[in-house]
Amino acid sequence: MIMGTVLFNATPVAGANRVWTRRFAGRPRGFRPSGSGHDMKLLEICDLQIGFRRDGAPPVPVVDGVSLTLEPGETLGLVGESGCGKSLTALAIARLLPSPPAQVLGGDIRLEGRSVLQMSGAELRRVRGRVVSYVFQEAGASLNPVMRVGAQLRECLRLHRPEAATDAEVLRLLRLVGIPAPETRARSYPHELSGGMQQRVMIALAIAPRPKLLVADEPTTALDVTIQAQIIELLRDLRRELGMSILLITHNLGLVGDLADRVAVMYAGQIVEAAPARELLKHPVHPYTRALLNSVPALGVRQERLPAIPGTVPPPGAWPGGCRFHPRCPRRQADCEATPPGLTELPGGRRARCLYAREILEEKAR
Amino acid sequence: MALLEVQNLHVHFPIRRGLLTRAPGTVKAVDGVSFSLAPGETVGLVGESGCGKTTVARALVRLVPVTKGRIFYAGRDVTALNGAALRAWRRQVQMVFQDPYSSLDPRMTVGQAIGEALDIHGLAANRTERRERVEKLLLDVGLEGSHADRYPHELSGGQRQRVGIARALAVEPKLLVCDEPVSALDVSIQAQIVNLLQDLQREHGLTYLFIAHDLAVVEHLSRRILVMYLGRIVEAGEAREVCRAPRHPYTQALLSAVPGVDPDQKRTRLILPGDPPSPLNPPPGCPFHPRCPLAEARCRVERPVLYEHTPGHFTACHLVDAPRPPRPFGSTAPGAAATSPA
């Protein structure tokens, strides 16, 4: 955290972008400032700090120094238990944080090189949908209950791609997300559809503006396993066909292995480990990742007792000092209580927030 | 002797419309389910939403009326118990609910919620004794005695589920019907509650009917597994065998849909098309045939019965004896045979 703050102060990101926005706000769309060549990341989150404001009290931090990047066409899994800050991080990307009480306290979020935090209302409207769109957990609660499915899709097209707001496009989208008999289903109201079908409609709405980044926040949590498998398959197909990036937010490590290229694990507002998906699942470094993987029973593996993680996830505002996982950590040492670990760079494009990350990795290599 | 025996259980709900309460149809939530529980064993009941697994649980503790069939508890018919006899019998059978946020009264302290169970069954002579028993129960489920004075909103999800378990244990039951007790909890807390249920079973000699949609958790806890689809059991057998060598195409699909955390375990996915059909209007023949990759003409007309093809392993499928390539677990999907047309 201390390191993060220093980094934030040292980077002139926020100021530079404000100037940029003022200078280029009136330029035609598609204009890119020079120097932002093709190595530009689709999404860059730098040292993001989010807090909950309370009356007359300092804000309670809920996301503390999260940095992420996402390349075009890449899928990143963001994993963690409830209250770790993963959903708030995702919402902040399109400035959808419920505010008040949530508020960005520091850091920067850049979509295609442009700071989201500095955008005007009009710019945000252009970015939402066409650059980033969302699929949420409960499709039933996100769809308009008094509008037919087809009309909702058409409204979305009219806002983002007016030239494509036709019946044919609506049917094409419904077919694309695997809805059988789209002609009939376009005339249905959301309540007439099953949970799986509602989630498909939700996905159709999200991909209608042809976003470059799809944020899927627990897209299958409310669904049955066989339907969950259908939706994951659909996301995989769409990613291939449309070439979009996906930010998959989930608590299910199995899903991450199915879909993601890279994974970041969050605990108590911070990223504790980030690595290529396969590496993370095969050889987790951070004790929290390892404990999380071990505590899930696996099919066909008989064990007497599940290795559960003792204690509970500390709520925001009650994060322990030093390493935030130390009270529950099986390999805690004396200095874990005192020294907050930074994200250690490890070989193979991995990072882990543990004082003993290197040792753990060496132990494994042996 | 079986502790609990369920014979041909049917639970139908009439659909009423309008003022004259005509019943234009019935939802056959449970449509002919039979099974038994031996003392001290854990049986898992698996299925997707709407398959009737929760209705089975509610019918067992007599929270919904039984339409047809019989429930025997320790050899005694309890299907038609009422009044004081029903209340007395409920001391034997208790239920743990899924959502620890809605199954506790927000205006009662933990101590009151647990104490209420003791009062109803007259298990505590006075307030001191009641308090002592409540604190003992809280310690049993891994909480502290001081939690008795807390309100549910002050507790985390895992702590609340512990209170729900303590409340069920207050009357010293023999059988615990657990309806998705860990589904609403975080991953790291799920393992704690699963371990707690195992410890309690050992200490108190409890029998569990464990209902869940998570096959991995059910396999971990149960000796036997029952798989339900649309109000009926489609496969039943030893947990190990059902998970390693599933015989019903539905069970195979269910198993192959579970995402695994081991990236080296390459599996061919069998993805079922469509949604489970509505229990209001079940398809004729085998209820699974519209989604089944193996379905033949016979499956569309004739309803398969549960049949014991191997000792202790029952499957309701016409094609259960049809030759299929062997499926070693893990190397190929438990449904690999089903992906190629038979």
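## A tour of chains A and B

Select Asp31(B). With a relative accessibility of 11%, Asp31(B) counts as buried; that word means under 20% relative accessible area, while exposed means over 50% and partly exposed lies in between (1.4 Å probe, protein chains only).

Before moving on, note the ground rules. This is a predicted model, in which local features need pLDDT of at least 70, side-chain atom pairs count only at pLDDT 80 or more, and totals for chains, interfaces and linings use all residues. Residues are numbered from 1 along each chain as its sequence is written, chains are lettered from A and ligands numbered from 1 in the order in which they are written, and side-chain values use heavy atoms, leaving out hydrogens and water.

**Stop 1**

Helices (H or I, at least four residues) and strands (E, at least two) are DSSP runs, numbered from the N terminus. Show the contacts of Asp31(B), meaning heavy atoms within 4.5 Å. Not counting residues up to four places away in sequence, Asp31(B) touches Leu9(B), His10(B), His12(B), Gly231(B), Arg232(B) and Arg303(B).

Now select Leu45(B), in strand 3 (residues 42-46) of chain B. Leu45(B) is buried, at 1% relative accessible area.

**Stop 2: the nonpolar cores**

A nonpolar core is a set of buried Ala, Val, Leu, Ile, Met, Phe, Trp, Tyr and Cys residues joined through side-chain atoms within 4.5 Å. Which residues touch the most other members of the largest core? Select Ile114(B) and Ile165(B), out of 70 residues in that core. Helix 6 (residues 187-204) of chain B gives the largest share of this core, 7 residues. Apart from it lies another core, of 39 residues, among them Val135(A), Ile203(A), Leu205(A) and Ala208(A).

Go back to Ile114(B). Leaving aside neighbours within four places in sequence, its contacts include Val134(B), Leu137(B), Leu138(B), Val163(B) and Ala170(B).

**Stop 3: the eight-stranded sheet of chain A**

Switch to chain A. Its open sheet of 8 strands has the order 6-7-8-3-9-10-12-11, with mixed pairing. Two strands pair if DSSP finds at least two bridges between them. Strand 6 (132-135) and strand 11 (344-346) of chain A stand at the edges with a single partner strand each, so one side of each has no neighbour in the sheet. The twist averages 20 degrees from one strand to the next; the angles run from 0 to 180 degrees between N-to-C directions, with axes as lines fitted to C-alpha atoms, for helices over the stretch in contact.

Select strand 9 (residues 262-267) of chain A. Of its 6 residues, 5 are buried. Strand 3 (residues 75-79) of chain A pairs with strand 9 in the parallel sense over 4 bridges. Gly77(A) stands opposite Val263(A) in strand 9. Strand 3 of chain A also runs parallel to strand 8 (residues 245-250) of chain A, joined by 5 bridges. Val79(A) faces Thr250(A) across that pair.

Turn to strand 10 (residues 270-276) of chain A. It runs antiparallel to strand 9, with 6 bridges between them. Val265(A) stands opposite Glu273(A) in strand 10. The two strands form a hairpin with 2 residues between them, and Ala268(A) in the turn has a positive phi of about 50 degrees.

**Stop 4: the four-stranded sheet of chain A**

Here 4 strands form an open sheet in the order 2-1-4-5, with antiparallel pairing. Strand 1 (residues 43-54) and strand 4 (residues 102-111) of chain A are joined by 8 bridges. Find Gly51(A) opposite Gln103(A) in strand 4. Then select helix 3 (residues 86-93) of chain A, which lies across strands 1, 2 and 4 and runs at about 110 degrees to strand 1.

**Stop 5: confidence**

Colour by pLDDT, the predictor's confidence in each residue, from 0 to 100. Chain A has a mean of 85, and 89% of its residues reach 70 or more. Which element of chain A has the lowest mean pLDDT, and which the highest? Helix 2 (residues 13-24) has the lowest, 36, and strand 9 the highest, 96. Over residues 1-37 of chain A, pLDDT stays under 50. Where pLDDT is low, the predicted coordinates should not be read in detail.
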